[in-house]
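Hi,

Here is the structure I promised to pass on.

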Amino acid sequence: MVNLKNRRYEEIKKTVVDTFEKLDIHCTPISGFEIATKLGVKIIPYSAKPQKAQELMLKESEDGFSVKRTDGWYIFYNDSKPYARINNTIMHEDGHIVLDHSEDSELAEAEAKFFAKFALAPPVLIHKFNLHNFDAVAERFEISRQAAVYAWDYYQKWLHYGGDTYKNYERKLCRLFGIAV
């Protein structure tokens with residue numbers, strides 16, 4: 001497993017907020033579908049393809065994947081999964097696209113995974129919405145219980161390491177969501 005450097009985490013967080021600003025994302029729950037659509041990505045459920053193609057896609061990924069073709073980006077996703085997991089998958093693939101990943105690698109996967117985690121439930125919004133546990137996070141952001149546990153753990157670390165001293169991108173995120181800083 002690849003661990004990113006702190007500087008890279010900060011760059012990705014700024015990229016998420018800049019993407020939200022550029023695409024006018026300003027309410028929860030945060031939708032990977034909305035971001036992909038606004039980026040011009042074609043989003044295709046596995047079930048839209050013939051059975052043989054579905055089998056091949058499932059071999060590629062149980063959840064979903066993105067492909068860059070000459071006419072743009074495509075995200076293929078397993079629509080038999082629960083919505084929260086699908087949205088996480090789409091946001092992960094949005095991360096690959098926004099971060100301009102051109103090849104599969106452990107580094108690209110780590111970056112896209114972090115992009116999705118931060119984008120779906122940013123710690124500053126958890127704080128500003130005054131959420132008190134991972135169940136409240138899951139409900140507010142419409143993420144899976146497992147994703148909410150990870151988001152809550154990340155929020156606790158954010159608090160411990162000075163989360164209430166907002167960084168510029170966190171202030172910008174609050175303004176985008178209409179929250180006083």
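**Salt bridges**

Glu10 and Lys13 are both buried. Keep in mind throughout that this is a predicted model. The side chains of these two, Glu10 and Lys13, meet in a salt bridge with an N to O distance of 2.7 Å. They sit three residues apart in helix α1, so about one helical turn separates them.

How many salt bridges does the structure hold? The count is twelve. Another one joins Glu11 and Arg7, at 3.3 Å from N to O. Here the spacing is four residues in helix α1, which again means a separation of about one helical turn. Glu11 is partly exposed at 30% relative accessibility, while Arg7 counts as exposed at 58%.

Then there is Asp18, whose side chain meets that of Lys172 in a salt bridge of 2.7 Å, N to O. That pair links distant parts of the chain, with Asp18 in helix α1 and Lys172 in helix α9 (residues 168–176), 154 residues apart. Asp18 is partly exposed, its relative accessible area being 39%, and Lys172 is partly exposed too, with 21%. There is also a network: Arg7, Arg8, Glu11 and Glu111 are joined into one by salt bridges that share partners.

**Aromatic pairs**

On to the rings. A pair of aromatic rings is described by how far apart the centres are and by the angle of the planes. Counted with a cut-off of 6.5 Å between ring centres, there are 14 aromatic pairs. One of them is Tyr9 with Phe114, an edge-to-face pair at 4.7 Å centre to centre and 65° between the planes. Tyr9 belongs to helix α1 (residues 6–23) and Phe114 to helix α5, so this pair ties together parts that lie 105 residues apart in sequence. Is Phe114 buried or exposed? At 6% relative accessibility, Phe114 counts as buried. Tyr9 is partly exposed, with a relative accessible area of 24%.

Now for Phe33 and Tyr77: their ring centres are 5.5 Å apart and the planes stand at 85°, so this pair is edge-to-face as well. Phe33 lies in helix α2 (residues 32–38) and Tyr77 in strand β3 (residues 72–77), so the pair ties together parts 44 residues apart in sequence. Tyr77 is buried, with a relative accessible area of 11%.

Tyr9 and Phe114 also turn up in an aromatic cluster, together with Phe118, Tyr154 and Tyr169.

**Surface and loops**

Which residues form a negative surface patch? They are Glu60, Glu103, Asp104 and Glu109. Of these, Glu103 is placed in the loop between α4 (83–98) and α5 (106–120). Glu103 is exposed, because its relative accessible area of 59% is over the 50% cut-off.

If you were wondering about the cysteine at position 27, Cys27 is in the loop between α1 and α2. With 42% relative accessibility, Cys27 counts as partly exposed. From Cys27 to Lys59 the C-alpha to C-alpha distance is 35 Å, and the two are 32 residues apart in sequence.

That's everything from my side for now.

Cheers

Key: Residues numbered from 1 in each chain as written. Predicted model: local features only at pLDDT ≥ 70, side-chain atom pairs only at ≥ 80, totals over all residues. Heavy atoms only, no water. Patch = residues over 30% accessible without salt bridge, like charges linked within 9 Å, V, L, I, M, F, W, Y side chains within 5 Å. Areas by Shrake-Rupley, 256 points an atom, 1.4 Å probe, with all protein chains shown as cover. Salt bridge = Lys/Arg side-chain N within 4 Å of Asp/Glu carboxyl O. Lys, Arg positive; Asp, Glu negative; His and termini not counted. Charge placed at Lys NZ, Arg CZ, Asp CG, Glu CD. Helix = DSSP H or I, 4+ residues; strand = E, 2+ residues; numbered from the N terminus. Buried < 20%, exposed > 50% of the residue type's maximum accessible area, 1.4 Å probe, protein only. Phe/Tyr/Trp six-rings, centres within 6.5 Å; stacked < 30°, edge-to-face > 60°.
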